[in-house]
Amino acid sequence: MSIPAQKLSPRFEQTLKSALAHFAPGADDRALASHVKKLSDYYLIAPGSATPWDKDFALPATLAYFMPLNGVRLAQVFREVQRFLPSEAITEIWDFGSGLGTTQWVLEDQTWLEPRPLYSIEISGRAAKVHDEMQTFGARWKSEARRAPTPKRGALAVFSYSFLEMQKTLPDLAAFDHWLILEPSTRERGRALMDWRSQFIAAGLEPLAPCTHSLACPLLTHSPRDWCHMRVHFEGPEWFQSMEEHLPMKNRTLTYSYLLASRVVRDEAWRGAARIVGDTLPEKGKTRQMICRGPQREFFSWLRKNGEPPLIPHGALVKDIGTPEIKGGELRVGPLEWTF
Ligand SMILES: C[S@@+](CC[C@H](N)C(=O)[O-])C[C@H]1O[C@@H](n2cnc3c(N)ncnc32)[C@H](O)[C@@H]1O
């Protein structure tokens, strides 16, 4: 048995293909890969700096590579929004650092969330213009550009790969009732986001996901090195895979860090749940997997003598862990049901 891979939704893929045909006509796999390499090198040299939308490689590289990957991560994170926020609690959505509208294209696939006001805040006129033109390819949602946020009660702020980049212009934490932040899963940015979690709690918001509680973050307080991140297995479409053959990096799994914080309190049904915050770690005589269900740094553990350990995806949620025997931070769990 293996962990199922996520794919681009047909609708999102079609939007990207239409945009590539329109904005990068005639670019073949090799040309696209060369643009991707340049933008990737740019981000490596200047981490956290703004996307260089004025460079000719930025647009095709974003459409062919960064948007599909960010979109798959964001779609996975929206499963948690659906799990914890009732649709009627979200009155409008503000997309900060919206780029070419990754948030909008992921919203198009959220059948549980009927379209409602969607506002995009994007500093680059070029990116905002391309995003606007892309809406003519067919969209249920209608994104409107705004210079500054004027949220009403029930507004959701979305930051997809833009939160730590926009530190100097962040709105007041109390201005939004819900916050969804997705960041690259580097140690530095993951830990910075874990630090922000306490500021959201101090502002009266509850960290609904990936956190299972509002107590101290065990990865932050019990380790100088760990950072909370998730992993999703990815199977790109054929055109993506053939472009990827010309790239030094392969994307079989995608990692990310995220935080969903809200004034909506955690549903009682999820109290005591455990989040899987690590990959399976095979060791001599046992297999361990890090979990989060409170302020302690803990692991599920399965002894080899009891048979094959289960394959639980990194990021899954276990609602009921039963009453396992606990030994030195290890929970000797039995069969478990999980959702992902
Ligand atoms: C890495 S891109 C992410 C784009 C998109 N959210 C995504 O997930 O694909 C970050 C975006 O934030 C924008 N940005 C950076 N600083 C900003 C600011 N102060 N106000 C508005 N947009 C900003 C950049 O121009 C860029 O389009």
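Me: Which residues have the most contacts inside the largest nonpolar core?
Reply: Leu63, Ile93, Leu100 and Leu180. That core counts 70 residues, in what is a predicted model. Helix H3 (residues 58–84) supplies the largest share of the core, 15 residues. Domain 1 (10–267) and domain 2 (272–332) each give the core at least three residues.

Me: What makes Leu63 a contact partner of residues such as Leu100 and Met134?
Reply: Contact here means heavy atoms within 4.5 Å. Setting aside neighbours within four places in sequence, Leu63 has Leu16, Ala19, Leu20, Phe23, Pro68, Leu100 and Met134 on its contact list.

Me: Why is Glu183 called buried?
Reply: The cut-off for buried is under 20% relative accessible area. Glu183 has 0%, so it counts as buried. Its place is in strand E5 (residues 178–183).

Me: What does the side chain of Glu183 reach at 3.2 Å?
Reply: The backbone nitrogen of Phe163, and the backbone nitrogen of Leu164 as well, again at 3.2 Å. A polar contact needs N or O atoms within 3.5 Å, so 3.2 Å passes on distance. Leaving out residues up to four places away in sequence, Glu183 also touches Tyr161, Ser162, Arg189, Leu193, Tyr256 and Ser257, among others.

Me: What stands out about the phi of Tyr161?
Reply: Most residues other than glycine have a negative phi. Tyr161 is not glycine, yet its phi is positive, near 55°. Tyr161 sits in the loop between strand E4 (155–160) and E5.

Me: What makes the peptide bond from Ala209 to Pro210 cis?
Reply: Its omega is near 0°. Most peptide bonds are trans. Pro210 belongs to the loop between strand E6 (206–209) and H7.

Me: Why do Asp177 and Arg153 count as a salt bridge?
Reply: The rule asks for a Lys or Arg side-chain nitrogen within 4 Å of an Asp or Glu carboxyl oxygen. Asp177 and Arg153 come in at 2.6 Å, N to O, so the pair qualifies. Asp177 lies in the loop between E4 and E5 and Arg153 in the loop between strand E3 (143–145) and E4, so the bridge ties together parts 24 residues apart in sequence. The structure holds 21 salt bridges.

Me: Is Asp177 buried or exposed?
Reply: Buried: its relative accessible area is 9%, and the limit is 20%. Arg153 has 54%. Exposed means over 50%, so Arg153 counts as exposed.

Me: Which parts does the pair of Glu206 and Arg266 tie together?
Reply: Their side chains meet in a salt bridge at 3.5 Å, N to O. Glu206 lies in strand E6 and Arg266 in the loop between strand E8 (253–262) and strand E9 (274–276), so the pair links parts 60 residues apart in sequence. Glu206 and Arg266 are both buried.

Me: How many salt bridges are counted between domain 1 and domain 2?
Reply: Three. Arg231 and Asp279 also meet in a salt bridge, at 3.0 Å, N to O, which is within the 4 Å limit. Across the interface of the two domains, eight residue pairs are in polar contact.

Me: What is the area buried between domain 1 and domain 2?
Reply: About 1400 Å², with 58% of it from carbon and sulfur atoms. On the domain 1 side, Thr212, Pro218 and Arg231 lose the most area to domain 2, together 34% of what that side buries. The contact takes 20 residues from domain 1 and 16 residues from domain 2, and the domain centres, taken over C-alpha atoms, are 29 Å apart.

Me: Which elements give two or more residues to the side of domain 1 that touches domain 2?
Reply: H3, helix H7 (218–221) and strand E7 (230–233).

Me: Which residues are linked in a network of salt bridges?
Reply: Glu283, Lys286, Arg288, Glu330 and Arg332.

Note on methods
Residues numbered from 1 in each chain as written. Predicted model: local features only at pLDDT ≥ 70, side-chain atom pairs only at ≥ 80, totals over all residues. Heavy atoms only, no water. Core = buried A, V, L, I, M, F, W, Y, C linked by side-chain atoms within 4.5 Å. Buried < 20%, exposed > 50% of the residue type's maximum accessible area, 1.4 Å probe, protein only. Helix = DSSP H or I, 4+ residues; strand = E, 2+ residues; numbered from the N terminus. Domains from an automatic or database assignment. Buried area = accessible area lost by both parts, 1.4 Å probe. Polar contact = N/O pair within 3.5 Å; in protein donor to acceptor, adjacent residues only side chain to side chain.
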